[in-house]
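Colleague: Please take a close look at the charged side chains in this model. I would like one connected account.

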Amino acid sequence: MALPLNQADVERLLADPSAPARAQVADKVAREIDSASLSSAELRIAHDIVRIMAQDAELAVRRALSHSLRSARQLPHDVALRLARDVEAVALPILISSPVLTDEDLVALVCGGSSAKQQAIAGREGVSEQVADALVREGSEAAVAMLMDNSSARIAEASLGIAIDRFSASERVKANMVHRASLPVAIAERLVVMVSEMLQSYLVRHHELPVSLATDIVLRSRERATLQISLGSSEAELVRLLRQMHRNQRLTPMLVLRALCLGDLAFFEVAMAVMAKVPLANARTLIQDAGQKGLASLYEQAGMPLRLLPAVRVAVEVVRGTEFDGGERDHERYRCRVITRILTQFEDLPQEDVEYLLDKLGDVLSVDGDVASLPTR
């Protein structure tokens with residue numbers, strides 16, 4: 001039941017010298033202000049009371065009022081603004097939750113507010129693109145990191161770019177941005193060169209990246225794993241990586257083909273097993289099938305495009321027939337020989353893959369003389 005509010009209540013509040021008593025009444029009125037049972041006259045009186053309380057000299061009174069009114073839809077707009085502009089102890093509950101504040105209010109409060117107030121705004125449910133843009137332009141590092149961590153915030157691509165420009169040295173801002181549910185491709189591309197190897201791997205697994213960039217990142221990680229981890233651990237990590245990429249629809253046919261063309265047979269074997277949903281040992285047996293029917297069957301079950309099967313067959317044969325020479329930079333020479341032989345033996349690769357492999361070949365031209373026989377296209 002609603003409080004029996006009347007003008008006498010207002011007068012008693014003005015006359016009561018006790019701050020705790022005023023805080024108690026303020027809290028009680030604030031909790032009733034959204035009640036559907038309040039008459040229009042009672043609502044006007046409730047508004048008068050909260051206006052008085054919002055100007056109270058005692059911090060405890062204003063803080064109690066703000067806490068109780070933080071979600072009130074019947075809070076007068078002028079009172080919401082007054083409380084939002086108050087000291088942090090009073091303002092933060094309103095800034096975090098009040099539905100009365102408009103985007104225009106929030107933008108102004110961002111531009112003139114402390115880092116703590118900006119963080120409160122950045123953590124609001126459903127931050128708009130307009131408010132998000134103000135935060136990335138004017139907010140503190142902590143506020144922008146909070147914004148990036150707010151899954152409900154709507155952040156335009158241009159604003160994400162500004163955040164990268166302003167906080168290129170902030171690991172917290174970049175990490176929170178990487179972990180957002182979705183990122184524009186251009187933003188993901190910019191982040192790749194700025195973040196740690198762990199975050200690069202996350203970008204590949206969870207965000208859309210140009211396939212060339214994704215290939216480079218995955219294979220760089222594979223090379224490091226081969227050098228740093230035992231064979232068993234490396235294989236287990238590869239299985240986990242490709243399963244996660246497959247779940248997130250990042251294990252694309254082009255990525256698989258390019259990894260194979262760069263000599264990573266283990267990547268291809270695990271990818272086929274994961275995509276075809278068969279044990280890794282079975283996948284290896286089918287890939288090694290001398291009659292090639294096993295490879296074709298596995299390839300089809302994995303959902304790979306049939307037009308690339310001839311290229312895959314050639315690549316598997318070339319990789320199997322190419323060995324490391326054990327000399328200095330043997331990995332680069334191995335990759336160079338694999339790419340060269342694939343391009344000379346199979347001329348029907350998609351043009352985008354040809355260009356990618358030629359680019360990778362260009363990185364190691366100085367370490368292998370076989371490339372002189374490479375055909376021009």
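Modeller: A salt bridge here is a side-chain nitrogen of Lys or Arg within 4 Å of a carboxyl oxygen of Asp or Glu. R137 and D133 form such a pair, with their closest N and O atoms 2.6 Å apart. Bear in mind that this is a predicted model.

R137 and D133 both sit in helix α9 (residues 129–138). They are 4 residues apart, so about one helical turn separates them. R137 is partly exposed, with a relative accessible area of 47%. D133 is also partly exposed, at 21%. The cut-off for buried is under 20%.

Next comes helix α12 (residues 171–178), which holds E171 and K174. These two form a salt bridge, and their closest N and O atoms are 3.3 Å apart. Here the spacing is 3 residues, which means a separation of about one helical turn. E171 is partly exposed, with a relative accessible area of 47%. K174 is buried, at 5%.

The side chains of D78 and R51 meet in a salt bridge, 3.0 Å from N to O. D78 belongs to helix α5 (residues 77–84) and R51 to helix α3 (residues 40–54). The two residues are 27 apart, so this pair links distant parts of the chain. D78 is partly exposed, with a relative accessible area of 41%. R51 is partly exposed too, at 30%. In total, the structure holds 6 salt bridges.

Now a lysine without such a partner. K117 lies in helix α8 (residues 115–122). K117 is buried, yet has no salt bridge. The nearest side chain of opposite charge is E88, 6.7 Å away. What does the side chain of K117 reach? It reaches the backbone oxygen of D86, at 2.6 Å. Set aside neighbours within four places in sequence, and K117 is in contact with A84, R85, D86, E88, A91, L92 and L95.

Among those contacts, E88, A91, L92 and L95 fall within helix α6 (residues 88–97). Helix α6 also has a partner in helix α4 (residues 59–69). Their axes come within 8 Å and cross at roughly 10°. That makes α4 roughly parallel to α6. On the α4 side, the contact is made by L59, R62, R63, S66, H67 and L69. On the α6 side, it is made by A89, V90, P93 and I94.

One more lysine deserves a look, this time for its backbone. K277 lies in the loop between α18 (265–276) and α19 (280–287). K277 has a positive phi of about 60°, although it is not a glycine. Most residues other than glycine have a negative phi. K277 is exposed, with a relative accessible area of 72%.

Finally, the wider setting. The protein has 23 helices and 0 strands. Buried residues make up 50% of its 377 residues. Take the contacts with a separation of 6 or more: residues 24 or more positions apart account for 63% of them. The D78 and R51 pair, 27 residues apart, links distant parts of the chain.

Definitions and conventions: Residues numbered from 1 in each chain as written. Predicted model: local features only at pLDDT ≥ 70, side-chain atom pairs only at ≥ 80, totals over all residues. Heavy atoms only, no water. Buried < 20%, exposed > 50% of the residue type's maximum accessible area, 1.4 Å probe, protein only. Lys, Arg positive; Asp, Glu negative; His and termini not counted. Polar contact = N/O pair within 3.5 Å; in protein donor to acceptor, adjacent residues only side chain to side chain. Contact = heavy atoms within 4.5 Å. Axes fitted to C-alpha atoms, helices over the stretch in contact; angles between N-to-C directions. Parallel < 35°, antiparallel > 145°, perpendicular 65-115°, else oblique.
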